[in-house]
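Please work through each task before reading its solution.

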Protein chains: 2
Amino acid sequence: MPRRVHGSHRGGCGPLVPPGLGGEAPDRYDRSSVGRSLEAHIAAVDEEIRALLTGADPSLQPFYGMMLYHLGLDAERGPSGKRLRPVLCTLVYEALTGDARGALPAAAAIELLHNFTLIHDDIEDQDPARHHRPTVWSVWGVPQAINAGDGMFAVSRLAVQRLHGFPAERVLEFAKLVDEACVRVCEGQFLDIAFETRTDVTTERYRAMAAKKTGALFVAAAQGAALLATDDIAVRETLARFGDAFGQAFQAHDDVLGI
Amino acid sequence: MPRRVHGSHRGGCGPLVPPGLGGEAPDRYDRSSVGRSLEAHIAAVDEEIRALLTGADPSLQPFYGMMLYHLGLDAERGPSGKRLRPVLCTLVYEALTGDARGALPAAAAIELLHNFTLIHDDIEDQDPARHHRPTVWSVWGVPQAINAGDGMFAVSRLAVQRLHGFPAERVLEFAKLVDEACVRVCEGQFLDIAFETRTDVTTERYRAMAAKKTGALFVAAAQGAALLATDDIAVRETLARFGDAFGQAFQAHDDVLGI
């Protein structure tokens, strides 16, 4: 994954960078405690997600337990999934501001959105397994699995509400970007299901579908991080294009693996 | 449904009331063009919803067509559903500001949220019909119906983005209220499904479930309208309690009808 490293901060309006974490020496780039490794980014995102899914009333713990299970964040084993989208978000934000931490709620929101679609995809495709574990619907049944996906979608909105230190206008702008991406994802999924019974699907139509279903959240991850970090429209637009290209490359790679 | 009619505006920060629509004579209450009747409120909410669900690219019209069908907003026949929640929202807002129109996007968001849960409920309960029509899943199949519900959830977020004339902080506060309500609805649905296989469900537990599953959106409708209309915490809290009581009364009535 390309890394963008800047020697100075660019118009960031996120939380102030703590001393010693990149804020003091404009000529060098010190990674924050989050940014020491990709693994540290992933761990920080997972911690943010856990904070949203734990602490419920005992009667509701099995509800959140389904979500933690799907994410591989239950006690049994390590995380499921590559966390590509949230790490794209925190890396871009870190590159622009010097500290990934301000964007963790944004990254968590995007990862929860992605995973709610996976819980529902598994039902729609009747897939019995994901990441070598039984899928949520095959353990708890279709009704609870549909509702667990809905719950994860709803919780992703609470993640957005945890963005602190930004002007309200900017949080709303980020929410709008994610909301529009989410509509695109559902539109793409509609086309994908519809294509299954059609024989006139051109390459162009397939790519338009994949750009919605897969590309939209990659764009939101990169563009959303840029939007939170800077007012510079050129930087925002460049990173949106980067997210789009990255999403298409990911989709092509995934499709080749799936053949 | 109780109506609250004020002779003067109370700390509203919504759009200015146009001349002749309640803004000029503090001793009398002139209803806006929306407020002439309950039917006018419903028509205005439906128009707001239609604006969100029409105008898509032709390839996506069948996607939005499923949502319009579920809402009874397709060409074939009149609206399905009583629109109780959105009208509670616009009536409260009208009572506090003299003009319902500023709250129409909020009302549309709440109605879309409610209806996305109905599309999914119908799958979970395997109900073949609603409002004397085949349910979405029984016409288009489970995969498209799950995704149509997800799409309606996503579109409800775009509705919130259409709130104009309010400070960004207030729109975010409204979004948070709705987001939290939505999490409660999913928690309530989890409990409801779980209760089906349990024999130890007390009246108290049933009421706690219903307060989440049904009550939360009624509270959001009344409290959300108050939040948009006024800074007065006492008014907001009173209307939140009213929404809660109204939701419980509605649920009890509905349960008696369903016995």
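**Exercise 1. A salt bridge within chain A**

A:E111 forms a salt bridge with A:R83, and the closest N and O atoms are 3.4 Å apart. The model is a predicted one, in which local features need pLDDT of at least 70 and side-chain atom pairs count only at pLDDT 80 or more, while totals for chains, interfaces and linings use all residues. Residues are numbered from 1 along each chain as its sequence is written, chains are lettered from A in the order in which they are written, and side-chain values use heavy atoms, with hydrogens and water left out.

Task: State which parts of chain A the pair ties together.

Solution. Step 1: the criterion is a side-chain nitrogen of Lys or Arg within 4 Å of a carboxyl oxygen of Asp or Glu. Step 2: A:E111 belongs to helix α4 (residues 104-124) and A:R83 to the loop between α2 (61-70) and α3 (84-97), so the pair ties together parts 28 residues apart in sequence. Helices here are DSSP runs (H or I, at least four residues), numbered from the N terminus. Step 3: over all chains, the search finds 30 salt bridges.

**Exercise 2. Relating the chains**

Task: Determine which rotation superposes chain B on chain A.

Solution. Step 1: superposition is by least squares on C-alpha atoms of residues with pLDDT of at least 70 in both copies. Step 2: the rotation is 180 degrees with 0.0 Å of shift along its axis, at an RMSD of 0.0 Å. Step 3: the two copies are therefore related as by a two-fold rotation axis. Step 4: the C-alpha of chain B nearest the axis belongs to B:A168, 2.8 Å from it.

**Exercise 3. The interface**

Task: Describe the contact between chain B and chain A.

Solution. Step 1: with contact meaning heavy atoms within 4.5 Å, 40 residues of chain B meet 40 residues of chain A. Step 2: the buried area (accessible area lost with a 1.4 Å probe, summed over both parts) is about 3600 Å², 72% of which comes from carbon and sulfur atoms. Step 3: B:Q161, B:L172 and B:F190 supply 17% of the area that chain B buries against chain A, more than any other three residues. Step 4: the count of salt bridges between the chains is 0. Step 5: α7(B) gives the largest share of the side of chain B that touches chain A, 17 residues.

Definitions and conventions. Buried area is the accessible area (1.4 Å probe) that two parts lose on being put together, summed over both. Helices (H or I, at least four residues) and strands (E, at least two) are DSSP runs, numbered from the N terminus.
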